[in-house]
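Good morning, colleagues. I should like to present one model, with attention to its confidence and to its strands.

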Amino acid sequence: MKKFFTILLVCCTFSLSSFAQTGIITGKVTGEKGESLPGVSVQIKNTNKGTSTDTDGNFRLDAGNTDVTLVFRLVGYLTTEVNTGGKGSITVTLKQDTRNLDQVVVTALGISRKERAVGYSVQEVKGSNLTLTKEQNVLGSLAGKIAGVQVVGASGASMGGTQKIKLRGINSINGQEEPLIVVDGTPISNNNFAGRNGPDLGNLAQDINPEDIESVNVLKGPAASALYGLRGQYGVILITTRQGGRKGNRKMNVDVNSAFSVEKAGNFMPLQNIYGAGSSQQFSTITVNGQEQLVASGTDESWGPKMDGTPVRQMYSFYPADPDYGKLTPFSPHPDNIKDYFVTGTTFNNNISMSGGGENTTFRLSFNHTDIKGIEPNTYLKRNNLGFNGSLNLTPKLTVTTSFNYANNKGLRPAQGYYQGSRNFYQWFERSLDMNRLKQYKYPDGTFYHWNHEDIDDPDFLKKPGSDWNNPYFEAYENLNHDTRDRFFGNVGLSYDVLPGLKVSGAVRGDMYTQSIDQRKAYGGRDINEYYEAKFENKEMNYELLAQYNKTFDKLSFNANVGGNLLTQRYNGIQGRTQGGLSVVNFYNLSASIDRPDVSNYLRRKEVRSAFAAVSFGYDNIYYLDATVRNDISSALPAGNNSYWYPSVSFSMVFSELLQWEPLSYGKVRISLAKAGSDLDPYQIYESYILEAPYKGRDDNTYLPMHLPTTLNNPEIRPSLGNSFETGLDLKVLKNRLGLAFTYYNQQNIDQVLSIPVSGAIGYENTIINAGKIQNKGVELSLTAMPVQTKVFNWNSTLNVSRNRSLVKELYPGINTLQLDVNTYSRVSVYLNADVNAAFGTLVGNAYRRDAKTGKILLDAANLPMFEENHNFGSVVPDFTGGWLNSFRIGRFDVSAMIDFQSGGQFFSWTKMLSVKSGQAEETAAINDKGERMCVIRWQMAAV
């Protein structure tokens with residue numbers, strides 16, 4: 001419903017440098033087109049002494065003397081050696097390595113591999129492409145940038161709200177799966193504390209500072225993520241953050257980036273502006289001092305009289321403190337009343353980072369502050385991020401590394417959902433309401449102005465809240481939703497080079513956060529004065545040991561990784577809600593609860609022990625065979641049935657090395673098979689009791705009643721499994737100016753952990769089972785091009801397109817339909833189902849019956865629309881998804897444009913349905929084929 005236009009006003013970067021002034025060699029490194037090359041390694045041959053080029057391709061090196069041989073290295077370019085010959089200043093041109101021998105990608109467990117050696121789809125997004133518009137949640141920045149990745153996000157009004165990400169379609173029967181997120185090798189939580197109604201607090205991936213990201217690699221399925229075992233079934237998002245300067249480079253860089261953007265609400269639904277408040281086209285009347293006065297209805301519909309300027313008593317005229325108390329004012333339309341509620345949102349984003357290093361050290365320290373003012377009144381989000389990456393060579397063979405991130409969020413967010421916030425404007429509202437009047441929601445005498453009073457014949461109606469709705473400004477300024485979060489995530493690692501080619505490393509990785517929420521319902525509204533408070537704490541630790549061995553024997557290369565991991569999770573929460581109102585008006589504390597507050601707390605603990613191995617064989621830089629295996633033992637599974645194996649195997653062949661055809665820069669075919677799993681939450685095996693509120697018996701003793709839960713647990717539960725087949729082709733031609741990556745995949749997901757209804761005769765409502773088989777198969781295509789590449793102008797373009805087909809092949813014996821969700825209004829329901837032999841997410845509901853030839857709606861004998869019940873509208877999953885990214889470099893300026901798209905997929909709009917029901921929709925005042933204005937029958941509803 002909302003569309004936002006972002007204007008970048010400020011962006012500046014500068015660097016400060018310090019260096020020695022003796023024995024200096026300076027120079028500039030460019031590409032073949034004369035473009036500056038930043039980040040080039042410049043090293044004195046056969047020494048560890050060196051530096052790197054700055055953002056303009058310039059370098060300065062204290063070499064001791066000016067007659068040395070310098071070695072220049074940059075990924076994607078041929079290594080070049082240059083003898084300075086006593087010159088103090090040189091210019092060096094690097095040629096592109098069209099063979100792509102050195103192209104490196106990050107794979108599972110943070111292991112770097114040559115792209116040519118990887119037997120599954122690999123696609124990377126650079127961090128610079130994630131900060132174009134300063135997205136508030138980094139997951140939203142991935143939309144359209146990677147083939148096969150679908151991102152469905154909240155509107156900007158949510159301020160860092162939920163971004164749902166799916167890899168290669170829906171891979172679980174209930175559609176609740178999500179990929180694992182890993183930052184610098186550390187798995188982090190992506191929990192979400194938002195409910196169906198209330199503020200959208202967003203998923204926790206928003207704690208990642210986009211300015212710190214170097215690259216994002218997406219492992220789209222088990223073929224790529226099998227090494228994550230129980231956590232890899234639905235894919236993995238690998239995020240690598242920026243590191244410090246090269247060792248030996250004594251230069252320190254300071255980068256400052258600032259951005260300011262404004263946001264405006266737009267793309268409003270068309271509404272009628274003919275008929276105003278009321279449920280009939282006759283005004284109500286009251287008698288004042290013997291004179292009859294017309295009254296504008298306080299109902300939440302717009303089926304009333306025409307808005308022709310007739311003088312009437314508006315609802316505010318009944319409030320004694322209102323300037324127009326007792327006055328008649330024109331009954332006129334307010335076409336922009338919804339638009340007038342929203343304000344101009346602003347975002348200030350400031351980031352500073354320092355990076356550098358010495359002979360044995362590297363470091364990078366960054367701080368980011370984001371200050372967001374929402375487009376709804378009285379909403380904000382303030383976020384601070386502190387990040388540090390560093391390494392230290394304790395000895396030539398022993399290195400310690402660390403990555404540390406701290407995030408702090410503080411928000412006052414708008415409520416959403418039915419009966420809350422501004423979401424009812426299109427559903428239940430009046431086209432004759434003046435939003436500027438509503439803005440003065442509180443009079444000087446302390447009374448609140450509410451528009452939705454339907455009982456004006458009651459002399460005390462002003463002492464009562466609105467019939468169904470509060471004044472939206474009362475919601476914004478009185479019913480507040482606060483949230484804060486403090487979070488630490490990162491790792492400390494130690495690595496030791498035991499022998500040439502053999503390295504052993506260990507790491508301790510952690511993710512810890514505390515989430516606090518408080519929500520308030522103020523006195524004077526339609527709800528009872530209430531306070532809710534909650535605190536949730538999570539601590540996840542991973543203890544990892546990894547041995548890596550690399551060896552080359554003439555044309556044969558061998559790579560092996562063997563390791564283990566111990567995962568421990570501890571999650572606890574406590575929450576309380578007042579009951580019966582507050583003993584002191586608007587004293588927001590659980591102790592103010594008139595009745596016993598509803599308080600609950602819980603503790604969840606889990607442990608997974610893992611061992612894994614991966615081996616890779618390469619021959620002649622052409623043929624590669626990889627195999628991985630992982631074993632997980634989970635405490636959430638039954639003893640004796642808690643150990644599972646997850647293997648994978650892949651093969652790739654770089655056929656361009658065999659063809660030796662000059663236009664073909666790179667060509668590879670690949671194929672892979674894999675299995676990965678998905679674990680479950682603890683405490684779904686054995687029965688436990690639920691403690692109810694204590695009570696005092698007739699004998700004056702206090703009793704603690706307990707009862708069994710309504711869900712029957714399963715002592716034979718198993719993890720869900722995903723089996724994947726994948727094959728593809730990668731091509732680059734014309735010196736990498738054009739590229740193509742094509743992938744076909746087929747993934748079968750079985751044994752999902754589901755809760756299904758059972759007969760109440762057994763004493764339970766639901767039971768936990770393993771069931772279901774859902775298949776996703778499809779194709780992915782990524783096209784890259786460099787149409788223009790000159791000294792002053794570069795144009796890079798990437799087009800991603802994917803098509804996925806899902807099929808629910810099995811549910812459970814005797815069950816062919818599983819209801820996933822339902823919306824019901826006025827005894828008419830719309831269902832979201834999983835149906836056997838159908839695509840995931842079947843949308844079922846009422847539909848108009850139409851003439852087969854003309855498509856016109858059929859009418860019954862009373863001239864009312866005829867309906868078909870339980871009509872299958874199709875799947876909610878789109879047919880195609882994709883995106884088109886274009887980046888331009890004009891001199892020193894960068895300009896980018898991104899379009900992400902999807903085609904197909906059904907949806908049901910509750911808002912559209914109720915806008916018709918309430919008489920606000922444009923078609924409720926449509927003109928028929930005879931030129932006469934008609935009113936849609938307001939009690940009839942259908943999904944389409």
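Over residues 937-944, how many contacts beyond four places in sequence does the model have? It has 28 there, contact being heavy atoms within 4.5 Å, and pLDDT stays under 50 over residues 937-944. pLDDT is the predictor's confidence in each residue, from 0 to 100. Over residues 1-21 pLDDT likewise stays under 50, with 56 contacts beyond four places in sequence. Where pLDDT is low, the predicted coordinates should not be read in detail.

This is a predicted model, in which local features need pLDDT of at least 70 and side-chain atom pairs count only at pLDDT 80 or more, while totals for chains, interfaces and linings use all residues. Residues are numbered from 1 along each chain as its sequence is written, and side-chain values use heavy atoms, leaving out hydrogens and water.

The protein chain has an average pLDDT of 87, and 94% of the residues score at least 70.

Now to the strands, which are DSSP runs of E of at least two residues, numbered from the N terminus. Two of them pair if DSSP finds at least two bridges between them. Strand E1 (residues 24-30) is antiparallel to E4, with five bridges; Gly27 lies opposite Phe59 in E4. On strand E4 (residues 58-62), Phe59 and Leu61 make up the covered face, whereas Asn58, Arg60 and Asp62 make up the uncovered one.

Strand E2 (residues 41-44) is joined to E3 by three bridges, and Val42 stands opposite Thr51 in E3.

Technical notes:
Buried means under 20% relative accessible area, exposed over 50%, partly exposed in between (1.4 Å probe, protein chains only). Helices (H or I, at least four residues) and strands (E, at least two) are DSSP runs, numbered from the N terminus.
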